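Subject: Handover of a two-chain model

Dear colleague,

Please find below the structure that I am handing over to you. My notes on it follow directly after.

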Amino acid sequence: MEEFSSVYRECYPRVLAYAASHAGAKVAEDITSETFTIAWRKSAQMPSNALPWLLGIARNLVRQSRRQTTHYELTDFPAEDEFAVIELRAALSSLSEADQEVLTLIAWHGLAAAEAAQVLGCTTATFFVRLHRARRRLQAALWTPKFDQARQSWKTS
Amino acid sequence: MEDLLKDLAQAKPPTPEVDRDRMESDLARITALPRERPARGQFVRRFAPLLAAAAVIALVVVLLPRSVEPVRPAAPPRWWHVLTEERSLMLVGDPAAPYLVEFLSKTDRWLSRDTEVAVLQKDGTVAPYSRESEETWEAAGRPDTAPQVGGSHSVRIGPMKPALRKASVSGYQMSLHSDVRLDSVSSLPTDQAELRRTLESLVGEDPYRVATLAMDLMSANVSDDQRRAVFELLKTVEGVRYLGEVPVTEDRTGVAVAIKAPPTFQFSDVETRLLVNPETGLPIRRIDLLTTSYRDLPAGLPISVEDYLLLDSTTIDPIVPQDIPVNGEVESPIIER
């Protein structure tokens, strides 16, 4: 019980951040609450490094939530963000959901490759290959004509 | 590439503030709920949909006292289904500044008394192994092919093309990498001396070949008693060390044996290990690792890993991809230079 409470308080902010970035702030708390409810029921299976396991549960709940809604809630970003950051987010959102997930587990949620692999239920080697491809596709997306035009208009405005 | 991930980190959306009151009230509500009884095995949980049938069989084996004969179904299952994931490393490029590529693929194999069906190079890819390897590969101009270091062939970097093989066979072939074939695994003796003689009659008296054949047999469609006898024999083969319980993943262990392997064309100090699930007796992983450092590669680095994702008797016919020609050419990523 004490061990679970300790993990709960330590991991709650990161599970909430994961849920908010994938399903929006409005449902993030509900998904986080449901994640820990499932984790409590299955706490005998909880590994010592619980975060990847918890994010794996949250990931399934995010998917369920998306299947049940007809539209996704857009994440609110600060209006004062630099153009380069906005551009990068746009390039990211042009990728497949799988590519976005691989990249954001590392870049946004700070997981090591082995932990991210655990969230996705694949081996570290498989994850590395997926990351490699996703990074390549993100790089390519940043240099498509659409982004080049946007970059040019930004420079000349 | 590395900078790209750093830039992406800058594009992270704002982290929502934690509502402490809700967090604590949720915790109180959650911990008032009943909990499930402990379940068996992380592996089974992870691959639950795939392993449902295997889990039932494994559970029966686990719950039976060891002295009791395994329960046998009224009609023998038609197929022995083995799904493995293979990962291996190879040094390629300029011999003065080589880099590592990783081969990654799955093999889905069904064996019956007279038929073998196999999907090879499933989900296969060859890619630079580490960030350093990736940088060397990029500096070399991201070549599609790279020459093996110390070998006469080249390696094709990128996705592998899956292949489908169907063949009528007699007897039981141990593995795709072995020509050894038994007339029937059911006739395999459980007596240690007889078993040793049987294996030596197939591969000679070379301890490494006997040990690796025994490792192959551990994943074959043998009875629980036969598998136990094979593992006990394995422990007694000259040069084999019993390592006891070793970690497989962060939260999972297996019992392992190890034997020094003959040198490959790239690596000389290599050890082959087999890790077995102590509850079911089924193999979990077979691994070749460096026992001494070589160039920049550390001792202990796995250069070849075979994970047994599924070992299962089934009456369900093989499920194979429909868009791959049967017995078409297998386009190996190892090509003529």
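Two strands are taken to pair if DSSP finds at least two bridges between them. On that basis, β1(B) and β14(B) are antiparallel partners, joined by 10 bridges. Please bear in mind throughout that this is a predicted model.

**Strand pairing in chain B**

A separate note concerns an open sheet of 3 strands in chain B, ordered β4-β5-β15, whose pairing is antiparallel. Its edge strands are β4 (145–147) and β15 (334–336), each of which pairs on one side only. On average, neighbouring strands of this sheet are turned by 40° against each other, with direction ignored. Strand β5 (residues 153–156) of chain B pairs with β15(B) over 3 bridges, in the antiparallel sense. One point of reference is His153(B), whose bridge partner in β15(B) is Glu336(B).

**Composition of the two chains**

Chain B contains 8 helices and 15 strands. Of its 337 residues, 33% count as buried. Where contacts in chain B join residues at least 6 apart in sequence, 56% of them link residues at least 24 apart.

Chain A has 8 helices and 0 strands, and from the N terminus on its elements run α-α-α-α-α-α-α-α. Chain A comprises 157 residues, and buried residues make up 38% of them. Among contacts in chain A between residues at least 6 apart in sequence, 64% join residues at least 24 apart.

**Helices of chain A**

How do α5(A) and α7(A) meet, and at what angle do their axes cross? The axes of helix α5 (residues 97–107) and helix α7 (residues 124–142) of chain A come within 9 Å and cross at roughly 100°. Because of that angle, α5(A) is classed as roughly perpendicular to α7(A); the class covers 65 to 115 degrees. From α5(A), the residues involved are Asp99(A), Val102(A), Leu103(A) and Ile106(A), which meet Arg130(A), Leu131(A), Ala134(A), Arg135(A), Arg137(A) and Leu138(A) in α7(A). By class, this contact has 6 nonpolar, no polar and 4 charged residues. In general, an α-helix has 3.6 residues a turn, so residues three or four places apart point the same way.

In helix α6 (residues 113–120) of chain A, the buried residues are Glu115(A), Ala116(A), Ala117(A), Gln118(A) and Val119(A). Just after α6(A) comes Gly121(A), with a positive phi of about 70°.

**Contact between the chains**

In the contact between the chains, 38 residues of chain B touch 45 residues of chain A. On the chain B side, α1 (2–10), α2 (20–31), α3 (42–46), β1 (79–92), β2 (99–111) and β3 (115–128) each supply at least two residues. By class, this side of chain B has 18 nonpolar, 5 polar and 15 charged residues.

**Backbone and helix geometry in chain B**

Helix α6 (residues 192–203) of chain B has 12 residues and should span 16 Å at 1.5 Å a residue; its end C-alpha atoms are 17 Å apart, which agrees. After α6(B) comes Gly204(B), whose phi is positive, near 85°.

Which phi values deserve a note in residues other than glycine? Arg295(B) has a positive phi near 55°. Arg295(B) belongs to the loop between β13 (283–290) and β14 (302–314) of chain B. Because Arg295(B) has 10 C-beta neighbours inside 10 Å, it counts as exposed; the limit for that class is 12 or fewer. Asp123(B), which is not a glycine either, has a positive phi of about 50°. Asp123(B) lies in strand β3 of chain B. Its 16 C-beta neighbours inside 10 Å are the reason why Asp123(B) counts as partly exposed.

Yours sincerely

Definitions and conventions: Residues numbered from 1 in each chain as written. Chains lettered and ligands numbered in written order. Predicted model: local features only at pLDDT ≥ 70, side-chain atom pairs only at ≥ 80, totals over all residues. Helix = DSSP H or I, 4+ residues; strand = E, 2+ residues; numbered from the N terminus. Expected span 1.5 Å × (residues − 1). Contact = placed C-beta atoms within 7 Å. Nonpolar A, V, L, I, M, F, W, Y, C, P; charged D, E, K, R; others polar. Buried ≥ 20, exposed ≤ 12 C-beta atoms within 10 Å, placed from the backbone. Axes fitted to C-alpha atoms, helices over the stretch in contact; angles between N-to-C directions. Parallel < 35°, antiparallel > 145°, perpendicular 65-115°, else oblique.
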